[in-house]
Amino acid sequence: MIKLESNSLAVGFDENNGSLVHLYSKLSSWPIIDREKLGLSWRLMLPLEGRRNNNAWGHLQKKPVCIQTDKCVSFTWDGVVSEFGGEHNICITTVCEIKNDQAVFSMKIANNDLVYVENVYYPYFGDVRRPKECKSLSLMHGGYSDMIEYSLYPTFPNTRGYFGDDFPTILPIFTHNTPPVYPFALISDDQGNGFYMGIAERRIEAATWMAELHPGYSESITSRVPDTDTIGKWDVFTRFGPVHFPFVAPGTIFDLLPFGVEAYKGNWNKGLACYTKLSKSWNKLPNDIPQWARDPHAWLQIHINAPDDELRMRYTDLPKVGEDCVKHGIKAIQLVGWNNGGQDRGNPYHDTDPRLGTFDELKEAIANIHAMGVKVVLFTKFVWADRSLENFEKDFEPLAIKDPYGDYYVHPGYQYHTASQLMDINTRRLIPMCFATREYIEVCKEEFRKVVDLGAAGMLYDECLHHSPTLCCFDISHGHRYGVPSYSNDEVLIAEFRKILNGKEFLMGGEAVYDFQHDYYHVSYTRTWKPDHKPTSRLMRPHGTIISAIVGFKDRNMINHCLMNRYLISYEPFNFKGMPSDYPETTAYGAKMDALRTEMREYFWDGEFCDKLCGKVIHADGKELDSYSVFISKGGNTGMVICNYEDEPVTVTPIFDEGTPKQYRLVEDKELKAFGKTLTIAPQSAAVVI
Ligand SMILES: [Zn+2]
């Protein structure tokens, strides 16, 4: 066996076939892969005419050429044999190298054959064993500023439906949750034993995660994983890894997106830290965020028109919204549905709606609100074309993302207000447009200019985080390669917009932006309504500006949650159809919270967010409380936010890894008080402890 070691892992390969046959976590004495016969190296899907599902498996090839150094092992297969295609003139070189204390798996594909290399499974773990004493094992990956979790043991879902696979299979289909958009996945048990797998290079490619349970369930009523190593004559094992969709064309060479693996011990925060140590070297927040958006402040989101013609407010009435914001100390308005046809209609056009007023009336309203000290940020959307537009076929269909059959993909769209529309009878369908075609980028630029010309303080580009349901575009008449990743020009689009601005102050906002997008968007607008929300984006970008929506009429818990996760508040009474004065209890409590974090910004704004790391909170009964987070000030002092989401008071003991709690303050207190031994927090309240 050929062995490599990092600080957390021991890795072993079979030199006869390049398979990964040994993977061991030194941090938790966990043999992750230890049944050599189940080891795998890679798998390629090489579609043949009349037999698309044709695979080549690394471990079934002739012996590769192996080169080993101290921290690196490479295998080269000069020629590949597939199940039904015989020999292919494809050269595969895999490299596993210890880099940044991770085992990094990369692959070069030189395709001199007549087939495409369409799917690549690599690195491909043939057998993810659960730790011996564990009661549960799960797979987590990021999604919409949070984490998404699947059970791998004792149950295992089949996310793709049992008709389409031979084994229960987990595969995230929403393309905005796949790597590199959410760059990592964690497999961990209930004892804090975990391993991380994540991208090892900052590059957009098309990939997803895939886990398979072999041979299947022991019993299907509860999707139960067999407890034993074998069931009948079958081995029981779980395969796992990223699947890439590179569509490597004949006559081309392709470097697969590399993935690194590292073991960790602790909660998911520890797993994510394996990514942030890389992210810090790749990524940087933009330094041109407008001054007004740099400090703790609050937003209002308000929608004034929808596809079934709400027509709630004329542009000339908008200053009233500004006045109400002034009254409640709100700094910015995200204005939605101002475009012709309303929210989610008429995309990608960004013209004013004559039924709401004129271009000049909107421009004047924006200027009036700005004069009050409140900023207007216009809702925009560039990812789709509305299929119901008269000129859709002529102007937009040619530029839409196409599937391998030459058809455009369809996003189902969004429904508003009328029963007909809520039943999806007359929804405006949204067609994902190809950003890899220059012509469409030019269309977007023209639309963006309209927003700038209105004098807006910025834009909130809704759905900038995705191109669902697409992952690749196959229309080579667009001037790109066959199968180009749909997300590959997201950054280019915003760079083009910045050229139009030519240095003018303008807030670039986006919805629930993915990690790379934090580099070129100033703010991320998201929704985080979950008591057990996992602040994935916040932890990846401790100082990124993230805004979360608050809709409840006495929404103390969400306001406390915003303090705990360093989210700005977006006030949204009546599901963003109302005014700040519609829910005075919520805005009043929010103002107190923002006052607190402004006064204590050294910790809770300028400090480093650590989530559950660097401290813990113990209940009177000895159990741990989960609703807290830790911030470390620039001076190295610990601050903690503790939320009580319950309807009863709670008495807790905060424990810091460094130092001891000296003072505390509830959101409703005016000043800090001396901390005793424990702290009692009223129902639906939060305390800060420093
Ligand atoms: Zn295209």
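**Salt bridges, zinc site, sheet and pocket**

Reply: Lys37 and Asp235 form a salt bridge, with their closest N and O atoms 3.2 Å apart. A salt bridge here is a side-chain nitrogen of Lys or Arg within 4 Å of a carboxyl oxygen of Asp or Glu. This is a predicted model: local features need pLDDT of at least 70, side-chain atom pairs count only at pLDDT 80 or more, and totals for chains, interfaces and linings use all residues. Residues are numbered from 1 along each chain as its sequence is written, and side-chain values use heavy atoms, with hydrogens and water left out.

Me: How many residues apart in sequence are the parts that Lys37 and Asp235 tie together?
Reply: Strands are DSSP runs of E with at least two residues, numbered from the N terminus. Lys37 lies in the loop between S4 and strand S5 (43–45), and Asp235 lies in strand S19 (residues 234–235). The pair therefore ties together parts that are 198 residues apart in sequence.

Me: Is Lys37 buried or exposed?
Reply: Buried means under 20% relative accessible area, exposed over 50%, and partly exposed in between (1.4 Å probe, protein chains only). Asp235 is partly exposed at 22%. Lys37 has a relative accessible area of 62%, so Lys37 is exposed.

Me: Which residue forms a salt bridge with Lys26?
Reply: Lys26 lies in the loop between strand S3 (20–25) and strand S4 (30–33). Its partner lies in strand S1 (residues 2–5), so the pair ties together parts that are 21 residues apart in sequence. The closest N and O atoms are 2.6 Å apart, and the partner is Glu5.

Me: How many salt bridges does the structure hold?
Reply: One of them joins Arg224 and Asp227 at 2.9 Å, N to O. Others share partners and join Arg202, Glu491, Asp515, Asp519 and Arg541 into one network. The structure holds 47.

Me: What is the geometry of the zinc ion's site?
Reply: Donors are N, O and S atoms within 2.8 Å of the metal (3.2 Å for Na, K and Ca); water is not among the atoms, so sites may look incomplete. Cys434 (SG), Cys473 (SG), His478 (ND1) and His480 (NE2) coordinate the zinc ion at 2.0 to 2.3 Å. Four donors count as tetrahedral if all angles lie between 85 and 135 degrees. The angles among the four donor atoms are 103 to 119 degrees, and the site is tetrahedral.

Me: Which strands stand at the edges of the open sheet of six strands?
Reply: Two strands pair if DSSP finds at least two bridges between them. The order is S6-S5-S11-S20-S17-S14, with antiparallel pairing. Each edge strand has a single partner, so one side of each is left without a neighbour in the sheet. The edge strands are S6 (55–57) and S14 (169–170).

Me: Which residue in S6 stands opposite Met45?
Reply: S5 and S6 run antiparallel and are joined by three bridges. Opposite Met45 stands Asn55.

Me: Which strand supplies the largest share of the lining of the largest pocket?
Reply: A pocket is an open set of points on a 1 Å grid over the protein atoms alone, where a 1.4 Å probe fits, with protein on both sides within 12 Å along at least five of seven lines; lining residues have an atom within 4 Å of a point. The largest pocket is lined by 39 residues, and Met45 is among those nearest its centre. The largest share, four residues, comes from S17.

How values were computed:
Tetrahedral: all angles 85-135°; square planar, octahedral: opposite > 155°, others 65-115°.
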